[in-house]
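This report examines how selected side chains are arranged and how they pair with one another. Please study the sequence and the structure shown here before reading on.

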Amino acid sequence: MAAQRQTGRIPAGLMGPPRPAGSDAVWRAFGELDAQRQHSDAGIPQPIQHRDVEAWCRTMRVPLHPAEIVAVLALDGERRAVEAARLAATRPRDVELEDDDP
């Protein structure tokens, strides 16, 4: 999204299928909650909690159906899985030490 704001274009690698009709509130809630989430000291994104969704709904005055809340939390799970894979790929691997014993 930062690249889109800076260049006015969406990078090709970020283009996905169109959002399903009627999903705007879910994506809005997820995007805003994702931007506000806490991270661990290692940079790992912490899960969005039900209380976070409830507070967002109350503050923004946007009622979400329970199925929409499940969708927000599912998006969160996918987001965290992608981030965990990215962090794992960039983490230095432990070098296996050879055993000098005969």
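The model is predicted. On this basis, Asp76 is placed in helix H4, which covers residues 66–90.

Is Asp76 buried or exposed? Asp76 has a relative accessible area of 2%, and residues under 20% count as buried, so Asp76 is buried. Leaving aside neighbours within four places in sequence, Asp76 is in contact with Phe30, Arg37, Pro47 and Ile48. With one of these residues, Arg37, the side chain of Asp76 makes a polar contact through the side chain of Arg37, at 2.6 Å.

## Salt bridges

How many salt bridges does the structure hold? The structure holds eight salt bridges.

Another salt bridge joins Glu32 to Arg28, with the closest N and O atoms 3.2 Å apart. Both residues of this pair, Glu32 and Arg28, lie in helix H2 (residues 24–36), and they are four residues apart, about one turn of the helix. Glu32 has a relative accessible area of 30% and is therefore partly exposed. Arg28 is also partly exposed, because its relative accessible area is 37%.

In helix H3 (residues 50–60), Glu54 and Arg58 are likewise four residues apart, about one turn of the helix. Glu54 forms a salt bridge with Arg58, the closest N and O atoms being 4.0 Å apart. Are these two residues buried or exposed? The cut-off for exposed is over 50%. Glu54, at 52% relative accessible area, is therefore exposed, and Arg58 counts as exposed because its relative accessibility is 55%.

## An aromatic pair

A pair of aromatic rings is described by the distance of the centres and the angle of the planes. The count for this structure comes to one aromatic pair. Trp27 and Phe30 form this pair, which is edge-to-face, with 6.3 Å from centre to centre and 85° between the planes.

Trp27 and Phe30 both lie in helix H2, three residues apart, about one turn of the helix. Trp27 is partly exposed, because its relative accessible area is 34%. Phe30, by contrast, counts as buried because its relative accessibility is 10%.

## The nonpolar core

In soluble globular proteins, nonpolar side chains tend to be buried together. Which residues make up the largest nonpolar core here? This core has 11 residues in all: Val26, Ala29, Phe30, Leu33, Ile48, Val53, Trp56, Cys57, Val62, Leu64 and Val72. Helices H2 and H3 each supply at least two residues of this core, and the largest share, four residues, comes from H2.

Val62 is one of the core residues. Not counting residues up to four places away in sequence, Val62 touches Ala25, Arg28, Trp56 and Cys57. Phe30 also belongs to the core, and Phe30 is among the residues in contact with Asp76.

Technical notes
Residues are numbered from 1 along each chain as its sequence is written. This is a predicted model: local features need pLDDT of at least 70, side-chain atom pairs count only at pLDDT 80 or more; totals for chains, interfaces and linings use all residues. Side-chain values use heavy atoms; hydrogens and water are left out. Buried means under 20% relative accessible area, exposed over 50%, partly exposed in between (1.4 Å probe, protein chains only). A polar contact is a pair of N or O atoms within 3.5 Å; within protein, one must be able to donate a hydrogen and the other to accept it, and residues adjacent in sequence count only if both atoms are side-chain atoms. Contact means heavy atoms within 4.5 Å. A salt bridge is a side-chain nitrogen of Lys or Arg within 4 Å of a carboxyl oxygen of Asp or Glu. Rings of Phe, Tyr and Trp (its six-membered ring) pair if their centres lie within 6.5 Å; planes under 30 degrees apart count as stacked, over 60 as edge-to-face and the rest as tilted. A nonpolar core is a set of buried Ala, Val, Leu, Ile, Met, Phe, Trp, Tyr and Cys residues joined through side-chain atoms within 4.5 Å.
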